Amino acid sequence: MTTAFNRHESLLQPETAIIDEIVLAGDGWMKELQPGQVLRIVDLEGNQAADTLFYDAENPEDHYSAVATITGQGNIYLTTGSVLRAESGKELVKIVADTCGRHDTVGGSCSAQSNTVRYAHEKLQMHNCRDTFMLQLAKHDGGYTKRDLAPNVNFFMNVPVSEDGGLRFADGVSAPGCYVEMESISRTMVLISNCPQLNNPCNAYNPTPIRVLIWNP
C-alpha cells in the first residue's frame, strides 16, 4: 500500500458549473449525481475535513464501501484515479482531479460517542458528523435512515496508518483552495458533513466552509 501523493488539476471552470454552493462548517449537503456529472469539493481555507458518503441512487441500501474501494485499488488512500465502490462492488464515482493529493477512508466520522471516548465525557453534546449525516438523511425524501450510515470518506483529512495498524489524526496536508473532483459513473447520491470537529488537528481546531460545484457532462 503506497502513500504517495498524486496531484492532478482540472480543466473545468467554475463559471460553467450548474451548481455552486457554500457549505458552512458543521452543515450538511445532499445531492444526486447523474452519470457523467462531475462534483468538485473545495477546501476554501485549508485543512477542513469533508466527511462524505456515497449511495447507489437506484438501490440506496448499497452504500459506499471502504473495504471494496481499498481492495479494488490496493491502496488505503484516495487520490486521482481512485474508483469509489459500493458494498456490491458497483463503481459509483471516480476521482478525476485532486490538488490535495491524498484523502482518508479509514478514520470514520466523529460522533457523540467517539468524542467522549477519544477526548472527554463532557464532549458528548458537541456537534458531530454523525448527527449531521442523520439530519440530512431525515430531511431527504428518499427512504434513508440511520441504518444507511457507513464508514465514510474524509476528504482533505490526514490519518496516517502506523506499521502496526494504528491510526493517528494528524495535521492536515491540504491548503486553501485545494479541491478534489469526481465523475459519477452511475446514479449516485452524495452526502456530505462539513466536519465541526474542535478536538483534533485535522482542521487546525478551526472548522471552516467548503464549496461544492457540479458540472454536466
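Guide: Start at Arg40: its charged end sits over the ring of Tyr179, 4.4 Å from the ring centre. Such a contact requires NZ of Lys or CZ of Arg within 6 Å of the ring centre and within 35 degrees of the ring normal. Arg102 and Tyr77 form another example, with the charged end of Arg102 over the ring at 4.1 Å from its centre.

A word on the basis. This is a predicted model, in which local features need pLDDT of at least 70 and side-chain atom pairs count only at pLDDT 80 or more, while totals for chains, interfaces and linings use all residues. Residues are numbered from 1 along each chain as its sequence is written, and side-chain values use heavy atoms, with hydrogens and water left out.

Now the strands. Strand β3 covers residues 38–43 and β12 covers residues 210–215. The two pair in the antiparallel sense over 6 bridges. Strands count as paired if DSSP finds at least two bridges between them. Strands themselves are DSSP runs of E with at least two residues, helices are runs of H or I with at least four, and both are numbered from the N terminus. Strands of a sheet pair through backbone hydrogen bonds, either parallel or antiparallel.

Asp43 has Ile210 of β12 as its bridge partner. Val42 stands opposite Arg211 in β12. Arg211 is also the bridge partner of Ile22. Strands β1 and β12 run antiparallel and are joined by 5 bridges. β12 is mostly covered, with 5 of its 6 residues buried. Buried means under 20% relative accessible area, exposed over 50%, and partly exposed in between, with a 1.4 Å probe and protein chains only.

Leave β3 by its loop to β4, where Asn47 is placed. Asn47 is not a glycine, yet its phi is positive, about 65°. Asn47 is also buried, with a relative accessible area of 18%. Phe156, in the loop between β9 and β10 (178–184), has a positive phi too, about 75°. Its relative accessible area is 0%.

Last, the rings. The structure holds 3 aromatic pairs. Rings of Phe, Tyr and Trp (its six-membered ring) pair if their centres lie within 6.5 Å; planes under 30 degrees apart are stacked, over 60 edge-to-face, and the rest tilted. The centres of Tyr55 and Tyr144 are 5.1 Å apart and their planes meet at 65°, so this pair is edge-to-face. Tyr55 is in β4 (residues 50–56) and Tyr144 in the loop between α3 (129–139) and β9 (153–155), so the pair ties together parts 89 residues apart in sequence. Both tyrosines, Tyr55 and Tyr144, are buried. Ring pairs also link Phe54, Tyr64 and Phe155 into a cluster.

For the whole protein, there are 3 helices and 12 strands. Of its 217 residues, 55% count as buried.
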